[in-house]
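Here is a look through one protein model, going from its sheets to its cores and then to its charged side chains. Have the structure open and follow along.

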Amino acid sequence: MEAPAVRVVELSSPFTRFAGRLLVGLGHEVILAEPPEGDPSRRELDGWSFAHWHAGKRSVTLAPGDASGLRRLLETADVLLDGTAEGAGGLGGLEHLVRVRVTPFGSGGPRGAWQGTDLVVSALGGMLAQVGDPGGPPLSLPENQAEQLAGVNAAIAVLLGLRARRNGPGQLIDVSAQECVAASLEAGTLAYLHEDRVPSRPGRVHPLVPHGLFRAADGHLGGGLGGSPRMWDALLAWLREENAQADLDEPRWQDPVERKKHQEHVFEVVQAFAGKWPKAAFAEAAQGRKLPWAAVERPDELAANPQLLARDFFVQARTAEGERTDLGFPFAFPEGRRVASLTVAEPGADQALLDMPREPGRAGTGQAGAGGQGAPALTGVRVLDLTWVLAGPYCTKVLADHGAEVIKVESETRPDPTRFAPFMHLSRGPHGGPDANGYFNEVNRNKHSVALGLRSDEGLAVLRELIAASDVVVENFSSTVMTKMGLGYDALREIKPGIVYVSMSGMGHTGPRGGWVSYADTVSASSGLTGLTGWSADDVVGVIYGHGDIVAGLQAALATVAALEHRDRTGRGQHIDLSQLEAITAHMGTSVIAPVPPVPRGNSHPYWSPQGVYRCLGPDRWLAVSVRSGAERQALRSAIGRPALADEALDEALAAWARTMPADAAAERLQDHGVAAGAVLNGQDLVEHDPQLRARGFYVRMEHPVAGAFLHEGTPIRLSRTPGGIRAPAPLLGADTDAVLSEVAGLSPERIRRLRDAGILR
């Protein structure tokens with residue numbers, strides 16, 4: 001018999017509500033404790049904002065300061081998801097409780113009490129600095145991406161806390177939204193850590209990979225030259241067929257270094273060709289040639305996306321007034337099940353829960369009083385990591401940071417571009433060799449490396465023996481690779497009954513676009529994220545860095561821990577067929593459910609004013625400000641010395657005031673007056689100058705045997721009793737081959753020698 005559902009009490013905020021939504025998707029019972037007048041989102045978008053964030057949750061209303069009512073709820077709960085500024089008090093004696101506190105800047109530190117909004121946290125976390133045109137103002141990502149990064153990290157924190165509770169009491173888990181953003185910048189900070197370089201905003205072109213945003217005849221396209229010689233050859237053949245190659249068939253362009261050096265010219269030729277096509281037709285034709293292109297879809301087009309429809313991605317949100325189509329969840333769970341509809345509770349609909357005793361048997365309640373620090377939450381879990389580049393390695397990085405034994409299987413016959421490709425290399429030394437790249441070394445810390453060729457029967461036999469000794473297999477290949485190796489899910493569970501298999505292909509393993517070639521920018525294009533990132537419908541900038549990869553990695557980590565919990569309760573493993581498209585589309589907030597489809601709006605807000613990014617003293621120095629109420633507008637007037645200024649003049653006056661101020665000083669003055677504000681920080685600022693990240697020890701120094709000592713981005717989920725962390729640098733290629741094959745797979749020294757002599761092992 002399965003244990004009863006985990007019960008979560010949510011004290012909501014913009015930084016916790018997505019976590020609660022994700023937990024609903026996992027089948028947990030989430031109780032929203034809202035004020036008597038209802039959660040503020042009930043009054044946004046005619047109530048459909050509340051429907052998106054809180055459908056499927058139960059509702060209990062509590063008056064402010066009703067500590068007795070909250071305690072009665074928590075006595076029968078497993079988890080408190082706490083988004084309040086001050087943190088819930090009066091929790092003594094509730095040792096079983098997993099308390100996840102999610103705040104803009106974390107508990108403690110010199111800025112722990114600062115006001116934070118999505119825009120301000122995006123600025124102080126480094127996200128704003130890397131979106132927008134070179135030399136122009138920073139640009140916010142749409143649909144509250146900083147808030148949602150905090151939300152998915154908080155959901156992971158809940159599951160880690162529940163898992164750790166089997167071996168002890170509950171604990172406090174501290175999630176800083178700023179740190180969630182600072183850990184999600186792809187190369188934004190790494191370029192400074194490894195090359196003393198601060199990249200300018202890339203505009204519509206990826207800073208590392210030869211991809212960007214292109215115009216089509218009826219909109220935009222995401223795509224580029226791809227990452228392999230085959231893709232360049234296929235693109236060039238297509239251009240030749242259409243007599244559109246210009247000079248690109250000259251021998252010099254076969255050199256990827258030459259193409260990178262003169263990328264602007266190459267892109268001009270490609271743009272002249274692509275611009276004549278309708279966006280959907282071009283994407284279909286490109287994918288027919290296995291080239292990574294996608295149409296940039298608007299929110300009003302998403303609900304007709306054939307891949308999302310074929311995989312039953314969308315849900316129906318039902319209210320007393322009717323229902324609307326809404327975004328679904330980032331992966332089907334458990335065991336491939338999809339949520340088809342969710343009901344929106346009226347305020348206080350579940351008030352009886354305050355006095356209703358819960359049946360015994362809360363999931364995994366630990367032993368009260370077993371205090372002291374313990375091993376990280378995923379200790380004892382073995383993960384076979386077949387991933388590469390960013391999305392998959394980011395998933396397994398999260399698992400490794402929290403104690404999982406992650407064995408990364410690598411092969412020089414299928415080299416990871418982050419080890420070998422010159423255009424992705426980040427280091428102060430020569431851009432050669434597989435072990436010095438800061439990009440690889442960041443996302444692969446705490447892991448072991450096995451160098452194993454997989455093009456022979458002997459190599460695949462060794463891989464099967466590793467699978468048999470593992471709890472989890474994670475891969476982010478295209479959808480058919482594992483099946484072609486004879487290692488589809490049916491084969492995996494024959495090798496290891498109960499295996500948790502997480503696949504992370506761009507589109508998922510099923511559906512009409514299951515075979516599409518995907519990069520982070522093309523997935524973002526298909527999800528609606530790119531189309532909403534801009535200044536207006538006619539001035540789209542797009543998301544060029546790997547935000548979609550980071551989101552997919554986080555959602556895959558959430559899925560992995562959820563599947564392990566499900567296996568421990570039921571004895572059954574499962575295949576999580578995670579589509580990176582669905583993962584990032586699930587982060588598109590209210591864009592589909594909104595009665596009026598949104599359009600790009602720069603840094604402004606639909607309800608708050610002023611909100612924006614304002615130029616300050618110095619080159620490329622900017623200030624992000626959000627003013628949310630009449631009281632905050634009056635505080636702003638006081639801060640800038642204009643107490644009688646009319647509302648309609650505030651934005652212009654704020655811009656003039658900020659232009660005379662250092663960004664940090666301006667932010668501190670506004671915060672002192674209770675106004676949410678923050679300087680827009682780049683990678684160098686985050687590492688050297690941010691007092692909050694420094695006080696909380698976010699960047700961690702670790703010595704690497706080849707690359708030397710460098711700072712790593714820290715772990716934004718901080719468990720008080722079973723903390724994760726950075727225990728070891730990224731492995732050298734094949735450094736652990738012999739030890740893993742002998743100790744984990746049980747191979748004899750003689751067999752290992754024969755495999756190496758045959759060239760199957762490095």
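What follows is a short tour, one topic per heading.

## Ground rules

This is a predicted model, in which local features need pLDDT of at least 70 and side-chain atom pairs count only at pLDDT 80 or more, while totals for chains, interfaces and linings use all residues. Residues are numbered from 1 along each chain as its sequence is written, and side-chain values use heavy atoms, with hydrogens and water left out.

## The seven-stranded sheet

Let's start with an open sheet of 7 strands, in the order β3-β2-β1-β4-β5-β6-β26, with mixed pairing. Helices (H or I, at least four residues) and strands (E, at least two) are DSSP runs, numbered from the N terminus, and two strands pair if DSSP finds at least two bridges between them. At the edges sit β3 (58–61) and β26, each pairing on one side only. From one strand to the next, the twist averages 20°. Strands β1 (residues 7–11) and β2 (residues 29–34) run parallel, joined by 4 bridges; V8 has V30 in β2 as its bridge partner.

Helices pack here too. α3 touches β1, β2, β3 and β4 (79–82), and its direction makes about 155° with that of β1. α5 lies across β4, β5 (98–103), β6 (172–176) and β26, running at about 165° to β5. For these angles, axes are lines fitted to C-alpha atoms (for helices, over the stretch in contact), and angles run from 0 to 180 degrees between N-to-C directions. Contact means heavy atoms within 4.5 Å.

## A three-stranded sheet and another strand pair

Another open sheet has 3 strands in the order β11-β10-β12, again with mixed pairing. β11 (322–326) and β12 are its edges, and each has a single partner strand, so one side of each is left without a neighbour in the sheet. The twist here averages 25° from one strand to the next. β10 and β12 run parallel and are joined by 3 bridges, with R318 standing opposite T343 in β12.

Over at β14 (residues 405–410) and β15, the pairing is parallel over 5 bridges, and I407 has H448 in β15 as its bridge partner. Strand β15 (residues 447–451) is mostly covered, with 4 of its 5 residues buried. Buried means under 20% relative accessible area, exposed means over 50%, and partly exposed is in between (1.4 Å probe, protein chains only).

## Cores and a covered helix

A nonpolar core is a set of buried Ala, Val, Leu, Ile, Met, Phe, Trp, Tyr and Cys residues joined through side-chain atoms within 4.5 Å. The largest one has 178 residues, and those with the most contacts inside it are V100, L159, M504, L623, V625, W657 and L670. Helix α5 (residues 145–164) gives the most to this core, with 13 residues. Apart from it lies another core of 32 residues, among them L466, M482, L492 and I760. Back in the largest core, M504 touches residues including A391, C395, V474, A556 and L578, not counting those up to four places away in sequence.

Helix α20 (residues 520–527) is mostly covered, with 8 of its 8 residues buried. Just after α20, G528 takes a positive phi of about 95°.

The structure holds 54 salt bridges, a salt bridge being a side-chain nitrogen of Lys or Arg within 4 Å of a carboxyl oxygen of Asp or Glu. One of them links D355 with R72, the closest N and O atoms being 3.4 Å apart. D355 lies in the loop between β12 (341–343) and β13 (382–385) and R72 in helix α3 (residues 67–75), so the pair ties together parts that are 283 residues apart in sequence. D355 is exposed at 61% relative accessible area, while R72 is partly exposed at 32%.

R311 and D577 also meet in a salt bridge (2.8 Å, N to O). R311 is in the loop between α13 (306–310) and β10 (315–319) and D577 in strand β20 (residues 574–577), so this pair ties together parts that are 266 residues apart in sequence. R311 counts as buried at 8% relative accessibility, and D577 counts as buried at 17%. Salt bridges that share partners also join R7, E29, R58 and D350 into one network.

And which buried residue has no salt bridge? E713 is buried without one, and the nearest side chain of opposite charge, K397, is 5.1 Å away (Lys and Arg count as positive and Asp and Glu as negative; His and the chain ends are not counted). E713 sits in the loop between β25 (708–712) and β26 (717–719). Leaving aside neighbours within four places in sequence, its contacts include A182, E442, R445, Y699 and I726.
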